[in-house]
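Q: I'd like to learn how to read a structure like this one. Could you walk me through it, feature by feature?

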Amino acid sequence: MPLKPEDLSNIPETGIDPENPGKYQGLLEDLQGNILKGHGRDYSVHLFLQWDREQSDDAKQWIKTFSQTYVKSAKQQSDDALRYRKEGISGGIFANFFLTRKGYEALGFAPFKIPKNQPFTMGMKNQQIRGFLGDPEVEKWEIGFQKEIHALILIADDDLNNLLQTVNHICQELRQIAVILHREDGFILRNKAGQIIEHFGFVDGVSQPLFIKREIVKAQVNDCGFSQWDSRAPLDIVLVKDPNGKTEDSYGSYLVYRKLEQNVKGFREDQENLARTLNIKEDLAGALVVGRFPDGTPVTKSDIPTYAVTPTNNFNYDEDVSATKCPFHAHIRKTNPRGDTGRVESSPGYDESLGIERSHRITRRGVSYGEKDPNQAPERGSGLLFLCFQADIENQFNFIQARWANPNRFVKVGVGPDPLIGQPQGSQKWPEKWGEEDTKDHCFKLWVSMKGGEYFFAPSLSFLMKL
Ligand code: HEM
């Protein structure tokens, strides 16, 4: 029996269990890994490809062999992880294969066979999309991203030498059937406590929609349940049917890819400036920008870091509705308002039910690039390779960036852009004293710049292997 739409919207309370998948077995066997749960490898290489229509048969053959050799299903990913936990045997190389709309066309697919999400159809270089997201002109993007991208392959491993050797081998093969337009080398950055951080020094990857039993149980134990924020999510926020899948339960997901350069020196100086303006400590100033302290403590809960081993995600803003502790503009409040958009002040038509608000959630799978020493403060050449999966780009990534992060108005008027990612930069209101109403205006400059990107689809394995 194939899965019904309600099997994706109502998943078991404890999530999907790949070790005991029941009716989700077929879905997990045909879905690429890294979508429902991150692949967890420390190093990854991203190769952006293009081929001519005349090469499409060779390209198809190559993709088929590559997928059979390296691309892992969600089920295999879980089996590998289990083996690692039981026997200490590493899962080795992990890979994904993604296509753009132009990639499908270059492989000779007719329009009705190509996934249909509108931004995916239009592409990230499209003027309307760039206008909506506030992105720079394509001529200002890095050269590789300016070209017509057909596919992206992601190859990852914990063993850097093995990864680089494998990538070299793959590149040699690839050159016979495609042009490698661009390459990015990503890695996981960690702080002294071993937690995953981004280049500005904040713990990252804490709050995610959770689909898989092990992750749900872990979060439940760490946070004593989901009383204030339920991070569990239905599969239909991340999966859609693959129009070319060869099984009854063939699913895929849309991937948004953005290279976001971080000017760490500038950010740190601005953080010091803000601390001076408000006469507060620098770490609190940073928390008012991000919504969490560098150690992950939510600033709505505390005005000092608590150094929890695993930062909490079981919180909302119900006790901070006037945003005197965590400003409305803070990055995590704008990108996941946890109920704020249901209590919008005098903006008819803007308020949303919690259910709709939660449907905008994205599954982030970004990694850092550039400088590997977190004590350096690079101005250029380092940042985040931002990747996120979703079922509907327009309702998820594009909505978050264009309707929440960028605008001045968010929940109420005059809030200002998200100081981390809001485009263009602007002035925000900052609490003069944590927990009190008085605010000061300050323009936190935008220290993140978009260097290029594209929209992709992650097709099912049965499609890739039978090309
Ligand atoms: C959360 C940093 C870009 C969406 C976070 C957190 C940090 C962070 C430190 C808090 C830790 C966590 O909950 O995982 C950054 C940096 C970025 C960036 C440095 C750029 C260089 C983006 C973009 C988006 C985004 C482009 C989407 C438009 C989110 C979301 C959360 C988050 C949805 C989780 C919020 C929550 O559930 O509380 N980010 N981020 N981020 N970020 Fe970003």
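A: Helices here are DSSP runs of H or I with at least four residues, strands are runs of E with at least two, and both are numbered from the N terminus. The model is predicted, so local features need pLDDT of at least 70 and side-chain atom pairs count only at pLDDT 80 or more, while totals for chains, interfaces and linings use all residues. Residues are numbered from 1 along each chain as its sequence is written, and side-chain values use heavy atoms, with hydrogens and water left out.

Q: Which donor from the protein does the iron atom of the ligand have?
A: A donor is an N, O or S atom within 2.8 Å of the metal (3.2 Å for Na, K and Ca); water is not among the atoms, so sites may look incomplete. In this model, the iron has a single protein donor, NE2 of H331, 2.1 Å away.

Q: How many helices and strands are there in the protein chain?
A: You'll find 16 helices and 14 strands. The radius of gyration, taken over C-alpha atoms, can be set against a globule rule of 2.2 Å times the number of residues to the power 0.38. For this chain it is 22 Å, close to the 23 Å that the rule gives for 467 residues, so the chain is as compact as a globular protein of that length. The C-alpha trace spans about 65 × 50 × 45 Å along its principal axes.

Q: Which contacts in the protein chain join residues at least 24 apart?
A: A contact means heavy atoms within 4.5 Å. Take the contacts between residues at least 6 apart in sequence: 72% of them join residues at least 24 apart.

Q: Is helix α12 enclosed or open?
A: Helix α12 (residues 282–290) has seven of its nine residues buried, so it is largely enclosed by the rest of the structure. Those seven are L284, A285, G286, A287, L288, V289 and V290. They pack against α11 (264–278), α13 and β12 (427–431).

Q: Where is N279 found?
A: Look in the loop between α11 and α12. Here's the background: most residues other than glycine have a negative phi, and most peptide bonds are trans. N279 is a residue other than glycine with a positive phi, near 55°. Its relative accessible area is 70%, so N279 is exposed. After α12 comes G291, whose phi is also positive, near 100°.

Q: Is R338 buried or exposed?
A: R338 is buried, at 4% relative accessible area. The residue lies in the loop between α13 and α14 (354–358), and its phi is positive too, near 45°.

Q: What kind of peptide bond joins Q423 and P424?
A: It's a cis bond, with omega about -5°. P424 is placed in the loop between α15 (397–405) and β12. V413 is also in the loop between α15 and β12, and V413 is exposed, with a relative accessible area of 63%. Along the chain V413 and V344 are 69 residues apart, and their C-alpha atoms are separated by 9.9 Å.

Q: Which residues does W141 touch?
A: Not counting residues up to four places away in sequence, W141 touches M124, K125, R130, P136, Q146, M450, K451, G452 and G453. W141 lies in the loop between α7 (127–133) and α8 (143–146) and counts as buried, with 3% relative accessibility.

Q: And K445, where is it found?
A: K445 is in the loop between β13 (439–443) and β14 (448–458). K445 is partly exposed, at 40% relative accessible area. Leaving aside neighbours within four places in sequence, K445 is in contact with D270, P419 and Q425.

Notes. Buried means under 20% relative accessible area, exposed over 50%, partly exposed in between (1.4 Å probe, protein chains only).
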